[in-house]
Amino acid sequence: MLAYLPRPPIDTSLYGTFPQEPELLATPGSLAEDSWQHGGTTAAKRSTPMPNYPSPPCHSVIVPSEPSLLLSQGSVATQHRSVDLARCPPVTLREMGTHWYPLHALSVPSIPSSARGRTSARSSAAATVPAPEGLPSRCRKLLEEDSPVVQAGKRQRQRYVTKVGKCQVNLGNIQEKKRFLSDIFTTIVDLKYRWFLFVFMMCYIVTWVVFGTIYLFDAWVRGDVWHQGDPEWQACIENVDGFISALLFSVESQRTIGYGSRMVTANCAEGVILLMAQSIVGSMIDALMVGCMFVKISRPKKRAQTLIFSKNCVISRRDEKLCLMFRVGDLRESHMVDAKIRAKLIKSRQTAEGEFIPLEQSELNLGYDTGEDRLFLVEPQIICHVIDCRSPFWDMSAESLRREQFEIIVILEGIVEATGDGCLAAGMTCQARTSYTEDEILWGYRFEPCMSLEKGAFQVDYSRFEMTFEVQTPAASAKELQELRELEQQEHSTLSLYWDHLLQPCAP
């Protein structure tokens with residue numbers, strides 16, 4: 001529950017729109033040594049910030065401050081490696097002041113692209129830098145915890161609905177459990193298969209044992225057990241001399257097997273009544289268990305496995321409006337009938353009166369007023385939510401997206417086509433679900449097309465279902481874009497009135 005609390009705002013101006021893995025800034029001296037010796041040392045951890053060592057003063061060669069210059073002038077540096085730089089003593093942290101670059105240092109425009117591209121040279125050279133002496137280990141841990149990679153790992157929290165559509169909500173401390181017995185049919189159908197099969201078998205076994213025990217008790221009371229083989233004895237139940245024979249007679253009677261060796265005679269009325277009661281109870285159990293088995297097998301729950309959703313949402317402009325989009329598809333050739341899609345936003349908030357509402361559900365408009373939420377799902381569809389003044393993302397920008405904590409639940413419902421006929425009444429409703437957290441929303445991206453025309457038919461390439469490409473999208477929120485658009489229109493109208501006033505002919 002606490003995972004959905006809003007996080008305090010942090011200074012995100014030092015980072016990009018999305019967290020990237022930090023890169024190391026290597027020292028000029030270590031880069032020169034690596035280019036001369038070609039040492040294959042192990043790469044240092046990329047999440048650890050490295051100090052920027054200023055170039056030591058040497059008399060014979062001038063070491064440039066940019067690593068790219070060293071790499072581009074490797075041949076010149078090689079000529080002086082044994083004469084000039086050998087006299088330069090190694091520089092430590094205690095001999096000169098150091099400056100620790102932040103983890104996003106390589107994203108600063110002043111760093112040339114040539115230095116960014118040589119990752120292997122920087123990583124191997126960084127391993128040769130000696131560990132700073134006197135720096136406490138706890139300070140290094142604090143610096144590592146501030147990295148975007150670690151921060152992104154900390155942001156992983158418990159989902160409300162998993163990506164495969166399973167609701168992560170456990171019900172506990174239910175006092176009135178007798179309510180489940182009032183709807184015994186649904187209770188049995190909702191059981192897992194192992195418990196369902198256990199209940200299925202136990203219903204038959206218990207009735208066989210119970211009625212077999214009653215038959216044995218009746219035969220024992222009337223004395224049929226003690227007069228087996230007596231031709232003058234009028235038995236109530238013939239050939240029942242023990243529990244095993246009584247159990248076999250119970251199974252034969254309920255399943256209408258009737259081998260003929262054991263039977264109820266007309267010498268006792270209680271035997272006939274027991275046989276009628278067992279037949280009625282057996283028919284009721286058959287109707288209940290067979291019905292539950294049929295419903296459980298024919299449930300279209302597994303049909304949702306062939307309804308797929310894109311792993312990420314994208315936000316980009318469509319028809320000059322900022323839109324949140326995701327993609328859905330159906331892998332089967334038997335399509336969903338009357339498919340509908342809707343989305344819910346799960347987000348905790350605090351009211352003006354101080355009331356905390358955990359996991360509040362709000363509706364996301366996917367075209368309900370225009371009918372765009374009803375899908376003809378024969379090929380992958382891109383579902384669009386227009387971010388307007390009624391949208392909960394109205395004032396969300398690319399920067400504020402990183403500070404938000406919410407979850408979007410997408411629900412796709414439809415009727416499975418019946419086998420044999422196309423009657424909608426014979427179909428059953430199927431529901432597929434998925435969810436998207438704020439970390440799975442890509443700002444400034446768009447889905448690539450996955451359908452083409454080949455050999456007189458449209459061909460869908462599902463290998464491109466998840467592919468996206470970056471497009472030019474403003475990082476401002478939809479509200480800010482609307483205000484900017486209104487301001488431009490106001491300025492344009494003011495200028496138009498001004499020019500119209502100037503162009504008016506002067507009155508005589």
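Let's start with Ser-316, which sits in strand β6, a stretch covering residues 313-318. Keep in mind that this is a predicted model. Ser-316 has a relative accessible area of 0%, so this serine counts as buried, the cut-off for that label being under 20%.

What does the side chain of Ser-316 reach? It gets to the backbone oxygen of Tyr-445, at 3.3 Å. Tyr-445 also turns up among the residues that Ser-316 touches, once those up to four places away in sequence are left out.

## Two helices packed together

Now for a helix pair. Helix α10 runs over residues 193-222 and helix α12 over residues 269-298, and their axes lie 11 Å apart. The angle between the two is about 175 degrees, and that makes α10 roughly antiparallel to α12, a label given to angles over 145.

Which classes of residue make up the contact of α10 with α12? There are 20 nonpolar residues, along with five charged and two polar ones.

## The chain as a whole

Stepping back, the chain is built with 18 strands and 14 helices. It has 508 residues, and 32% of them count as buried.

How values were computed. Residues are numbered from 1 along each chain as its sequence is written. This is a predicted model: local features need pLDDT of at least 70, side-chain atom pairs count only at pLDDT 80 or more; totals for chains, interfaces and linings use all residues. Side-chain values use heavy atoms; hydrogens and water are left out. Helices (H or I, at least four residues) and strands (E, at least two) are DSSP runs, numbered from the N terminus. Buried means under 20% relative accessible area, exposed over 50%, partly exposed in between (1.4 Å probe, protein chains only). A polar contact is a pair of N or O atoms within 3.5 Å; within protein, one must be able to donate a hydrogen and the other to accept it, and residues adjacent in sequence count only if both atoms are side-chain atoms. Contact means heavy atoms within 4.5 Å. Axes are lines fitted to C-alpha atoms, for helices over the stretch in contact, and angles run from 0 to 180 degrees between N-to-C directions. Angles under 35 degrees count as roughly parallel, over 145 as roughly antiparallel, 65 to 115 as roughly perpendicular and the rest as oblique. Ala, Val, Leu, Ile, Met, Phe, Trp, Tyr, Cys and Pro count as nonpolar, Asp, Glu, Lys and Arg as charged, and the others, Gly among them, as polar.
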